[in-house]
Amino acid sequence: MNLKDINAVKALLSQPQKIVIVPHKNPDGDAIGSTLGLWHYLKNSKQEAVIIAPNDYPKFLKWMPGNEHILNFEKENAQARKAIDEATLVFTLDFNHLGRIGEMQSFLEASEAKFIMIDHHQAPSDYAEITYSDVSMSSTCEMVFNFIGFLDDTDTITKEIANCLYTGIMTDTGSFKFSSTTGRTHQVVAELIHKGAENTTIHNKIYDTNSPSRLHLLGCALKNMVILEEYKTAYITLSQEELDTYNYKKGDTEGFVNYGLTLEKIRFAVIFIENKEEGIIKISFRSEGDFSVNQFARNHFSGGGHDNAAGGKSDVSIPETTAHFVSLLEQYKKVLNS
Ligand code: 5GP
Ligand code: MN
């Protein structure tokens, strides 16, 4: 953030504001961790603030301090719309175009509030008065830590804030192993542990809460995996019927896509998950090295994200979607094999 923006934020926060904080639809650990971390900070600075999630999110994220105060736009619609109506300041976290918040989009577009974006995805759009966008960042949580620092308030980071921010950095970096993890990321994490983040407990709460049905669903997913060695690609499919068989709950497929990349020669891993209710196939893309799944998702599956982790969707059936997907690979054969 440049000095002009920092001063503009300081001026805004020197006045009492009615603040709405928004993560993207289907929020992940970074989205919930960063919104809650910022929420605690603003509340502690005597601001009135509320988080509105566009929809529900997995149980393994619901233990973070302050979670019970998050409004779900789908379930608490009237209350959420009132808060948006009255807002003087809106923070959007972990996304950078308003198409990522589903039904909430039109309500935020109609708002007269000032907007502040904090985000680490590529190609930010320009809806915000203040845009803190940095694709080199491991996570939005790392950016919220920086943001509090820009406001000279690092000393006010409490154990609650530290726990929330640690969670998002951990989940978005694959537990500090993705290439987005920098020396600075480790410094921030060290600082958060000093401030009380319970690293081992957080790890257990996120990763060690499996249900037997989720492990059986994972077994099904791994059985369905198709390996295309000539393209260094592996993909998984999960139909709605399979999800139903294994009593699918939101969040159960989190991380499944990464198994493809654990194969020695595979550099591009994909999972296609049918969602009958929304009438779409939700797709997650992951890569190792130079192949940009952000570009691939943008070009072919109405999506986007980061160079090595992106998402998208398809409106046709799983067999049609995977056939189309496989037909696209020939044009990327060179880069996938380089
Ligand atoms: P995931 O595969 O875990 O849902 O998402 C991977 C990354 O891609 C995340 O950073 C997520 O925000 C982004 N992403 C997922 N789905 C979409 C999408 O439909 N559009 C865009 N622009 N980004 C997405
Ligand atoms: Mn993120």
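**Around the ligands**

Modeller: Strand 12 gives the largest share of the shell around ligand 1, four residues. The model is a predicted one. Keep that in mind throughout.

Start with the neighbours. The shell around ligand 1 holds 14 residues, and R100, H121, K282, S284 and R286 come nearest. By type, two of the shell residues are nonpolar, nine are polar and three are charged.

The side chain of R100 places an N or O atom 2.8 Å from an oxygen atom of ligand 1. In the side chain of K282, an N or O atom is 2.8 Å from a nitrogen atom of the ligand. G311 uses its backbone: an N or O atom there lies 3.3 Å from an oxygen atom of ligand 1. On its own, ligand 1 has 500 Å² of accessible area, and the protein covers 81% of it.

Next, the elements. Strand 10 (280-287), strand 11 (304-305) and strand 12 (309-314) each give two or more residues to the shell. Domain 1 (3-207) and domain 2 (212-336) both contribute shell residues, so ligand 1 lies between them.

Then the metal. Ligand 2 is a manganese ion, with protein donors D30 (OD), D94 (OD), H120 (NE2) and D172 (OD) at 2.2 to 2.4 Å. Along the chain, the donor spacing reads D-x63-D-x25-H-x51-D. D30 sits in helix 2 (residues 29-44), while H120 is in the loop between strand 5 (114-119) and strand 6 (130-133), so the pair ties together parts 90 residues apart in sequence. Both D30 and H120 are buried.

How values were computed
Residues are numbered from 1 along each chain as its sequence is written. Chains are lettered from A and ligands numbered from 1 in the order in which they are written. This is a predicted model: local features need pLDDT of at least 70, side-chain atom pairs count only at pLDDT 80 or more; totals for chains, interfaces and linings use all residues. Side-chain values use heavy atoms; hydrogens and water are left out. A residue is near a molecule or strand if one of its heavy atoms lies within 4 Å of it. A polar contact is a pair of N or O atoms within 3.5 Å; within protein, one must be able to donate a hydrogen and the other to accept it, and residues adjacent in sequence count only if both atoms are side-chain atoms. Accessible areas come from the Shrake-Rupley method with a 1.4 Å probe; for residues, only the protein chains shown count as cover. Ala, Val, Leu, Ile, Met, Phe, Trp, Tyr, Cys and Pro count as nonpolar, Asp, Glu, Lys and Arg as charged, and the others, Gly among them, as polar. Domain bounds come from an automatic or database domain assignment. Donors are N, O and S atoms within 2.8 Å of the metal (3.2 Å for Na, K and Ca); water is not among the atoms, so sites may look incomplete. Buried means under 20% relative accessible area, exposed over 50%, partly exposed in between (1.4 Å probe, protein chains only).
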